[in-house]
Amino acid sequence: MTQTVTRAPAPPIDRQPSAIRLGLSRAAFETKTFFRERDAVIFTFSFPIVLLLIFGSIFADELEGTGLNVSQLYVAGLIGSAAMTGFQNLGIGIAMDRDDGTLKRLLGTPLPRSSYFVGRALNTLFISFCQVVILLVIGVALFGLELPSEPSMWVTFVWVFVLGVFGSALLGVAVSSLPRSGKSASAVITMPFVVLQFISGVYIPVTQLPPWLVNIASVFPLKWMCQGFRSVFLGDAGATLELAKSYELDRVALVLGAWVVGGLVLCLTTFRWKSRRDG
Amino acid sequence: MSTERWTTGSTGRWCRASRTATTLEGMTTAVRVRGLTKRYGEVQAVGGIDLDISAGEVFAILGPNGAGKSTTVEIMEGYRTRDAGEVSVLGVDPGRPTREWRSRIGVVLQTANDVAEATVRETVRHFAGYYPRAKDPDEVIEQVGLTDKAGTRIRQLSGGQRRRVDVALGVIGSPELLFLDEPTTGFDPEARRQFWELIENMAHQGTTIVLTTHYLDEAEALADRVAVVSGGRIVAEGDPATLGGRATAKARVGWAEEGEHRSRETDTPTRTVLELATRFDGEVPELTVTRPSLEDVYLRLIENPS
């Protein structure tokens with residue numbers, strides 16, 4: 001063939017839609033379709049609620065000399081757990097997206113990769129926020145939880161929540177590369193999450209755990225998130241129940257901040273857009 | 001940009017006037033590939049492929065599973081890296097895809113099961129937002145024949161209907177070049193015909209189409225040119241009507257005589273038919289004249305690649 005190569009005439013310069021706007025559009029699309037998958041919605045929202053009802057009803061005793069009861073401890077722990085749902089949601093959700101062709105399809109479009117993550121992150125933030133609100137309502141209505149009145153407590157709540165959600169969401173994005181397929185994702189991701197909940201003070205107070213388990217838990221964000229939420233909902237009276245006899249909020253901020261940065265690095269270096277069979 | 005001539009074929013459907021020999025030169029090139037190679041471990045998937053696809057052309061890549069056609073197409077789509085060779089798609093190296101380039105091409109992949117819970121209209125509208133020059137979502141849904149299903153969740157669609165959603169998402173951004181990877185696998189015959197019409201319409205509007213398929217009738221119906229890939233190389237390339245010397249190969253003339261079927265292979269089928277017509281004094285019983293089908297040529301090519 002003796003054809004000469006000529007470039008196609010340059011098309012008029014088009015304005016690409018902004019990455020932020022597309023991220024918001026992805027978030028709306030993901031959230032809409034998430035709420036249509038009724039079984040997943042029921043599971044996601046009922047799990048912490050059912051646990052709160054069970055634990056809160058079983059352990060209604062007062063904690064020695066603090067004027068607090070055990071169910072309040074569970075509300076704080078389960079809020080930590082709810083803020084970490086992103087780990088599970090994203091770990092499983094992205095593994096499924098990789099398996100069912102979502103990621104490959106998106107990769108073939110001009111959608112910026114960052115918009116996909118913005119959409120996922122906002123979706124996670126929204127779901128976690130809904131869970132926390134439901135837990136707070138049940139805590140106040142049934143278990144005598146008192147919402148803090150000082151604004152400084154709510155400031156603590158917001159930064160623990162935001163850092164915790166993003167740190168665990170990034171960890172979820174990173175672990176989504178571990179399952180070999182979308183089908184195995186649920187089992188692969190749920191197991192470490194449940195273990196983490198048991199060793200991080202969600203169900204069992206950290207003071208009752210052997211030190212080596214606490215050391216393991218201290219590496220991950222959940223222990224610190226629970227500690228931060230206890231500081232908000234149990235107040236100064238509960239500080240004596242902590243291992244360090246204080247909530248160590250500076251360390252909470254440090255570890256959660258490190259997870260946001262470290263999780264981001266981990267995602268950028270290990271994230272796979274393609275499934276294993278796509279090479 | 002399109003210099004094609006269109007004629008209405010004897011069947012009344014649109015068919016493309018052959019122009020490969022006359023107008024290739026001077027046309028703009030949509031895809032140019034030189035010396036492309038790709039190896040997976042021990043396996044040489046692509047072993048030196050050259051390709052030129054002109055703007056406005058419908059080009060089919062045929063080949064058995066594992067021949068390297070999907071790898072070749074995925075390299076052109078920017079999904080895979082190559083080991084060596086030059087590739088230019090719409091003037092851009094797909095090894096370094098940009099957003100601008102992505103918004104000029106459309107990709108319809110093999111089976112996907114995503115976006116199950118969204119409706120057809122929601123999905124097409126959502127994807128339209130990704131592109132600077134998106135088509136009207138309702139028009140695209142109309143074009144792929146899903147207007148009746150626009151409000152249905154994708155989970156509830158049949159396989160053929162799902163595939164049309166894939167095509168709708170592939171074309172929503174008004175691509176200059178559309179890749180279709182085995183688009184009609186699993187279609188019933190009627191759905192395939194409808195799909196072909198859709199592709200013909202798009203080609204008619206000037207979209208360059210690169211298609212891989214296992215169906216030779218599909219390649220013959222749609223493609224201006226085909227390339228047969230076997231063992232990571234192109235073993236034949238050309239107009240499907242003349243591929244592998246089809247048009248000039250020996251013809252087989254068949255007829256019925258004295259209660260049995262007779263046939264003769266000949267270079268001059270017209271003369272044979274005339275002789276038979278004289279012998280039977282008019283109508284020849286059960287007369288057929290056949291040349292090797294594209295399938296015959298294809299099977300020969302992939303068995304003896306040299």
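1. Basis. Because the model is predicted, local features need pLDDT of at least 70 and side-chain atom pairs count only at pLDDT 80 or more, while totals for chains, interfaces and linings use all residues. Residues are numbered from 1 along each chain as its sequence is written, and chains are lettered from A and ligands numbered from 1 in the order in which they are written.

2. Chain contact. In chain A, 29 residues are in contact with 30 residues of chain B, contact meaning that C-beta atoms, placed from the backbone, lie within 7 Å. Helix H1 (19-36) and helix H5 (102-107) of chain A are the elements giving two or more residues to this side of chain A, and H1(A) gives the most, with five residues; helices are DSSP runs of H or I with at least four residues, and strands are runs of E with at least two, numbered from the N terminus.

3. Helix pair. The axes of H3 (residues 70-83) and H6 (residues 113-143) of chain A, as lines fitted to C-alpha atoms over the stretch in contact, come within 9 Å and cross at roughly 170 degrees, on a scale from 0 to 180 degrees between N-to-C directions. H3(A) and H6(A) are therefore roughly antiparallel, a term for angles over 145 degrees. Val75(A), Leu78(A) and Ile79(A) are among the H3(A) residues that meet H6(A), where the partners include Val132(A) and Leu135(A).

4. Annotated spans. The unreviewed UniProt entry annotates "transmembrane region" at residues including 117-142 and 187-206 of chain A, although such annotations may be inferred rather than shown by experiment. Residues 117-142 of chain A are 100% helix, with end C-alpha atoms 37 Å apart, whereas residues 187-206 of chain A are 65% helix and 0% strand, with end C-alpha atoms 26 Å apart.

Note on methods. Two residues are in contact if their C-beta atoms, placed from the backbone, lie within 7 Å. Angles under 35 degrees count as roughly parallel, over 145 as roughly antiparallel, 65 to 115 as roughly perpendicular and the rest as oblique.
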